[in-house]
Amino acid sequence: MNPRVEGMTRVIAIANQKGGVGKTTTACNLAACLATAKRQTLLIDLDAQSNATLTMGVDPRDIRERNVLHVLKNPDSLPRVMIEIDECLDLVPAHIDLSSEEYSLINTMGAETQIKKAVKQVMEDYDYVLFDCPPNLGICTRNAFQCATEIIIPFDPSPYSFDGLEKIRDYIARAEQDRDIQITTYGVLCRAQLQRNVDKDALERLQQLFGKRTLPPIRQNIKVVEASAERTVVVWNEPSAIGAQDYIKFAKAILHMESSIESDSFSLRVVGDQQ
Ligand SMILES: Nc1ncnc2c1ncn2[C@@H]1O[C@H](COP(=O)(O)OP(=O)(O)O)[C@@H](O)[C@H]1O
Ligand SMILES: [Mg+2]
């Protein structure tokens, strides 16, 4: 079932203030899977590094005058900055200008809710809105938290990664309080090399912290990196690779939550699905 038919758009932030943990890779692969499953998807790049923009094949030099910074300044500019990537996938790109200008945005009235105002205007057109957040808990991530109803925290199992989790949980709690809603946190999507004991230990620790909300890990896979180097996503570029298969499984889990209808009657045509 298409959630839009039900009048429901799912707004998912992919966030972690640590860099290099797989936020962009998760956001782009999830967006690609959802679009392939014919869900109208809007991916919003909130990171000045523009990695999601690049991954989706857009050259940031071409979008200096129409990117997410313009939406942060004026929510009405959203339709003007959107780029069609695929039949069911649109992108709001980011430009490096965001890094120098984001500080000036902080003092603007309602700075934390600009993206929410923008997304509200196009909500009816999308089944999913995804945010690729930057590696900090600044104004862009706060905008995502003011708008999202679901949060995914990509995670890499290095020794210091656990320290930051507490901080994100505080931020989520703050947004929940501000908005008087409960945000669904899908715990953590961990990138792991399962043959490594440190990674296995980290997964166990995550399970203790997040219980069922610890998602099945995404395996370390060079094809994932190769796809980004080619400015695309592994689920499109090489769907049989193990990294792609893990992302497809993850996307299916997200799709599965759309409604409680039996999964048999649920069309999950995701690229590379071999079941
Ligand atoms: N499953 C994976 N296997 C191997 N490399 C990965 C995997 N997921 C992400 N990477 C690589 O790790 C690096 C950081 O990922 P990225 O998604 O850019 O993190 P973030 O957005 O959190 O900074 C990138 O080079 C990416 O290609
Ligand atoms: Mg990133």
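## Ground rules

This is a predicted model, in which local features need pLDDT of at least 70 and side-chain atom pairs count only at pLDDT 80 or more, while totals for chains, interfaces and linings use all residues. Residues are numbered from 1 along each chain as its sequence is written, chains are lettered from A and ligands numbered from 1 in the order in which they are written, and side-chain values use heavy atoms, with hydrogens and water left out.

Helices (H or I, at least four residues) and strands (E, at least two) are DSSP runs, numbered from the N terminus. Buried means under 20% relative accessible area, exposed means over 50%, and partly exposed lies in between (1.4 Å probe, protein chains only). Contact means heavy atoms within 4.5 Å.

An α-helix has 3.6 residues a turn, so residues three or four places apart point the same way.

Helix α5 covers residues 97-105, and D97, L98, E102 and L105 are buried in it. Seen down the axis of α5, these buried residues fall within an arc of 115°, so they line one face of the helix. The arc is that of the directions from the helix axis to the C-beta atoms. The buried residues of α5 pack against α3 and α7. On the face turned away from the buried side sit the exposed residues S100 and Y103.

Helix α6 spans residues 114-122, and its buried residues are Q114, I115, A118, V119 and V122. Down the axis of α6 they fall within an arc of 120°, so they too line one face of the helix. Their cover includes two strands, β2 (41-45) and β5 (128-132). It also includes the helices α3 (68-73), α4 (78-81) and α7 (139-147).

Helix α7 is mostly covered, with 9 of its 9 residues buried. They are I139, C140, T141, R142, N143, A144, F145, Q146 and C147.

Two packed helices are described by the angle between their axes and the distance between the axes. Axes are lines fitted to C-alpha atoms, for helices over the stretch in contact, and angles run from 0 to 180 degrees between N-to-C directions. The axes of α7 and α8 come within 9 Å and cross at roughly 50°. That makes α7 oblique to α8. Angles under 35 degrees count as roughly parallel, over 145 as roughly antiparallel, 65 to 115 as roughly perpendicular and the rest as oblique. The crossing of α7 past α8 is right-handed. A crossing is right-handed if the near helix is turned clockwise from the far one by less than a right angle, and left-handed if anticlockwise. From α7, the contact uses R142, F145, Q146 and C147. From α8, it uses I168, Y171, I172, R174, A175, D178 and R179.

## Helices α8 and α9

Helix α8 (residues 161-179) also meets helix α9 (residues 197-210). Their axes come within 12 Å and cross at roughly 25°. The two are therefore roughly parallel to each other. Here, F162, L165 and R169 of α8 touch α9 through A202, R205, L206, L209 and F210.

R10 sits in strand β1 (residues 10-14). R10 is buried, with a relative accessible area of 4%. Its side chain makes a polar contact with the side chain of Y128 at 3.0 Å. A polar contact is a pair of N or O atoms within 3.5 Å; within protein, one must be able to donate a hydrogen and the other to accept it, and residues adjacent in sequence count only if both atoms are side-chain atoms. Leaving aside neighbours within four places in sequence, the contacts of R10 include D127, V129, E150 and Y186.

M56 lies in the loop between α2 (51-55) and α3. At 9% relative accessibility, M56 counts as buried. Beyond residues up to four places away in sequence, M56 touches C28, L43, I85, L89, L91, R231 and V233.

N221 is in the loop between β8 (218-219) and α10 (222-229). N221 is buried too, at a relative accessible area of 15%. Neighbours within four places aside, N221 is in contact with A241, I242 and G243.

## Positive phi angles

K38 has a phi near 65°, a positive value in a residue other than glycine. K38 lies in the loop between α1 (23-36) and β2.

R231 is not a glycine either, yet its phi is positive, at about 60°. R231 belongs to the loop between α10 and α11 (234-237). At 36% relative accessibility, R231 counts as partly exposed.
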